[in-house]
Amino acid sequence: MSYPAYSSDKERVWVIFDDKCNNISLDFFNQKVCDDYLSMLKSRGFEPQTISHWLNAATIKIDKQDDVDHLKEFDFIKEVRPVQNDWKLGTCDWLAPIYGEQQSAYVIKQLNTKKLMEEGVHGENIKIGVIDAGFWNAHKNEYLKSLFNNQQIKAYKDYFVENRSEKSFFNEKITGSDSHGTTVLRMIAGQHENMRYGLAHKSNFYLARTDHGDKENRTDEENWIAALEWMVDSLDIKLINSSLGYSIGFDSSKDNYKKHEMDGNTSMVTLAAEAAVKKGVLLVVSAGNEGENDRWRIVSAPADAKGVLSVGANNKNGQKASYSSIGPTYIDYVKPEVTCYSLFGTSFSAPVITGLAACLWEIAPSLTAQELKDVIIKSSSFYPYGNNYTGFGVPDAHKAMKILSTGEVQSDAIVIHSKENKKIKIDAIEEEHSMAIVFHKKDDFVVIRQEVVYLEKEKFRIRRVNNETSSTVWTGKRHFEIIWK
């Protein structure tokens, strides 16, 4: 049993239990926290605040260091972790301006959604959960009015203001981040007249505000986990978007994560995310916006969870957006898995993919969440050659539809083996960009550097300069995979 040391008089902690009343059934995640353990905590004056059945844990308040000594008397407690550490959203892009029409139109085009729209696929009757920082004025947003007029907002919950009325939830702005969720919702389902700014404007939505915004602390994590369990266990939601992330930059530097903790197995939100995946949920999360921060650069929690679908951002040329977080080099799986265009942060690329997922699930409702995730990845531009900058690339809606109808997966990669040469020339074709994006990799997916190569006499010249093992080349139309070794 491990116990932290506390320096302040009042702390909020997670108490993680050793078992569930010695119940070792294989259906662990569907069992509740042991009532006897909760009762014993209450008998000693520790009133449980948030109870997580998935993580077999509860939060309590302790008044002083003596309380930690009392907790040691309970042999059913496995671990105690601090809660009240200051957290920030992994992305600060709720401060960004609302997406313009050009932005939304481009990302819809980038995903090759023409066939999807022609066939009238809109994510109809798919239940989507959105965990975010606030939905202020969503009902007044011209791109979201149809959701309210058609009663597609089915439920909402505010984890900072108890018993909040519908009018208050959408009308009252409490913090500077309260419109973040509104923009996220628009990127999933926005539509106005005959224009679509999100792909799933006929889905049903369940909203949770878990992040305070001004008072950034670990209560946000607690709320996030509670909202996730509410959506999955109480509402049976299988598709959830969360454009929140947790890494560094907290008000108190002692609360910052360490890079090695983004390992898919450490943070409480990551563990909760993996539990949701095991319960059949497709959880789509933003990768994070720390790509330019030399102190961090990597994805934030819960984007490090292996089972979730983490989404990065790129620009119109296919280059990784400079701010978009990359996958850690010490894990054995690709993060992020996919990317798409976003001007203002990965918070607004993740919901685009959530909208696509809803449409594909409408087409093939019998798919499991894992199967749907696989289809999205296998439809992407670089599959099966992923990297830790842009994952497997940009999903292609038309290709995904073909996979669903035929079951066949075809890679568009043109593979070039060049063990002897250190330079490759690629002839350009019509309608191709005047530049190519090159991801030079030191192994299967870890990028050494990202490079822009311009046309020279109608050829792209790719050079091996850092002992790369392979290089992914995107010309705007074609994907080349150069194998140097």
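The entries below go through the salt bridges that I looked up.

I am working from a predicted model, in which local features need pLDDT of at least 70, side-chain atom pairs count only at pLDDT 80 or more, and totals for chains, interfaces and linings use all residues. Residues are numbered from 1 along each chain as its sequence is written, and side-chain values use heavy atoms, with hydrogens and water left out.

I took a salt bridge to be a side-chain nitrogen of Lys or Arg within 4 Å of a carboxyl oxygen of Asp or Glu, and by that rule I find 16 salt bridges.

For accessibility I used relative accessible area with a 1.4 Å probe and protein chains only, calling a residue buried under 20%, exposed over 50% and partly exposed in between. Glu119 is partly exposed at 47%, and Lys115 is also partly exposed, at 33%.

I then looked up Asp236, whose salt bridge with Lys238 has its closest N and O atoms 3.5 Å apart; Asp236 is partly exposed at 46%, and Lys238 is partly exposed at 30%.

My next entry is Glu468 with Arg449, where the closest N and O atoms lie 3.8 Å apart. This pair links distant parts of the chain, 19 residues apart, with Glu468 in the loop between strand 18 (459–463) and strand 19 (470–474) and Arg449 in strand 17 (residues 447–454); strands here are DSSP runs of E, at least two residues, numbered from the N terminus. Glu468 is buried at 0%, whereas Arg449 is partly exposed at 22%.

Definitions and conventions:
Helices (H or I, at least four residues) and strands (E, at least two) are DSSP runs, numbered from the N terminus.
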